[in-house]
Amino acid sequence: MSAPRDLDYWSFVELAQERLNSKFGDHHRSATEVLLTLNRASDIVTYDLESSVHRPRGRSWSAYRLMFVIWLAGPIEPNVAARLTGMSRAAVSNLAKPLVEANVLEKTPVSHDARSVQLSLTKAGEKEIVEAFGAQNERELAWVDVLSDAEQQILVMLLNKLITNRSQFDVRGRN
């Protein structure tokens with residue numbers, strides 16, 4: 001067995017499976033492997049996009065997600081932005097403040113609720129998100145280019161199946 005410092009991610013997954021087998025016997029091995037791999041893939045891709053595309057532009061992955069949603073959905077209230085980004089309402093509020101200060105996002109009162117605002121991109125924000133999306137989309141292509149078109153469609157189908165069938169058990173989450 002490798003020393004912990006010599007482990008890479010895949011040898012760790014193998015080690016984890018061996019140790020789980022010895023401690024729990026007949027556990028749901030493939031479920032553990034699928035979710036470990038899914039989480040790892042998500043973390044790697046997100047980190048890569050943030051570090052190669054968004055941080056050099058002075059933004060975080062979360063700020064990009066918020067601006068992206070507002071760009072495509074149009075002016076929206078923070079609760080809708082939270083639902084569409086998968087963030088909490090508090091996270092959207094905290095992200096909006098520096099974006100407003102940077103003049104890429106604006107808040108305007110809504111007529112139907114004096115307590116709420118509508119978030120929209122400024123002209124500078126639209127310019128920024130268009131450029132950021134172009135760079136991100138090229139990076140996305142680099143990531144998925146190792147998969148055929150059919151494999152990409154299958155992967156999306158399988159991930160959608162996981163997401164849409166979560167109602168079969170008590171899933172905790174924002175959405």
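These legends describe close-up views of a predicted model. Residues are numbered from 1 along each chain as its sequence is written. Local features need pLDDT of at least 70, side-chain atom pairs count only at pLDDT 80 or more, and totals for chains, interfaces and linings use all residues, while side-chain values use heavy atoms, with hydrogens and water left out.

**View 1. Helix H3 crosses helix H6.** H3 spans residues 61–73 and H6 spans residues 123–144. Helices (H or I, at least four residues) and strands (E, at least two) are DSSP runs, numbered from the N terminus. The axes of H3 and H6 come within 10 Å and cross at roughly 110°. That makes H3 roughly perpendicular to H6. Axes are lines fitted to C-alpha atoms, for helices over the stretch in contact, and angles run from 0 to 180 degrees between N-to-C directions. Angles under 35 degrees count as roughly parallel, over 145 as roughly antiparallel, 65 to 115 as roughly perpendicular and the rest as oblique. The crossing of H3 and H6 is left-handed. A crossing is left-handed if the near helix is turned anticlockwise from the far one by less than a right angle, and right-handed if clockwise.

**View 2. Residues that join H3 to H6.** H3 contributes Trp61, Tyr64, Met67, Phe68 and Trp71. H6 contributes Gly125, Glu128, Ile129, Val130, Ala132, Phe133 and Gln136. Contact means heavy atoms within 4.5 Å. By class, the contact of H3 with H6 has nine nonpolar, two polar and one charged residues. Ala, Val, Leu, Ile, Met, Phe, Trp, Tyr, Cys and Pro count as nonpolar, Asp, Glu, Lys and Arg as charged, and the others, Gly among them, as polar.

**View 3. Ile129 in helix H6.** Ile129 is buried, with a relative accessible area of 1%. Buried means under 20% relative accessible area, exposed over 50%, partly exposed in between (1.4 Å probe, protein chains only). Leaving out residues up to four places away in sequence, Ile129 touches Tyr64, Met67, Phe68, Trp71 and Leu121. Ile129 and Phe68 are 61 residues apart in sequence. Their C-alpha atoms are 6.6 Å apart in space.

**View 4. Arg59 in the loop between helix H2 (29–54) and H3.** Arg59 counts as buried, at 16% relative accessibility. Its side chain makes a polar contact with the side chain of Glu128 (2.6 Å). A polar contact is a pair of N or O atoms within 3.5 Å; within protein, one must be able to donate a hydrogen and the other to accept it, and residues adjacent in sequence count only if both atoms are side-chain atoms. Beyond its neighbours within four places in sequence, Arg59 is in contact with His54, Met67, Leu99, Ala102, Val104 and Glu128.

**View 5. Helix H2 packs with helix H6.** The angle is about 140°, and the axes are 10 Å apart. H2 and H6 are therefore oblique to each other. H2 passes H6 in a right-handed crossing. From H2, Ile44, Val45, Asp48, Leu49, Ser52, Val53 and His54 take part. They meet Ala132, Ala135, Gln136, Arg139 and Trp143 in H6. These residues divide into seven nonpolar, three polar and two charged.

**View 6. His54 in helix H2.** His54 is buried, with a relative accessible area of 1%. Not counting residues up to four places away in sequence, His54 touches Leu49, Arg59, Ser60, Trp61, Tyr64, Ala132 and Gln136.
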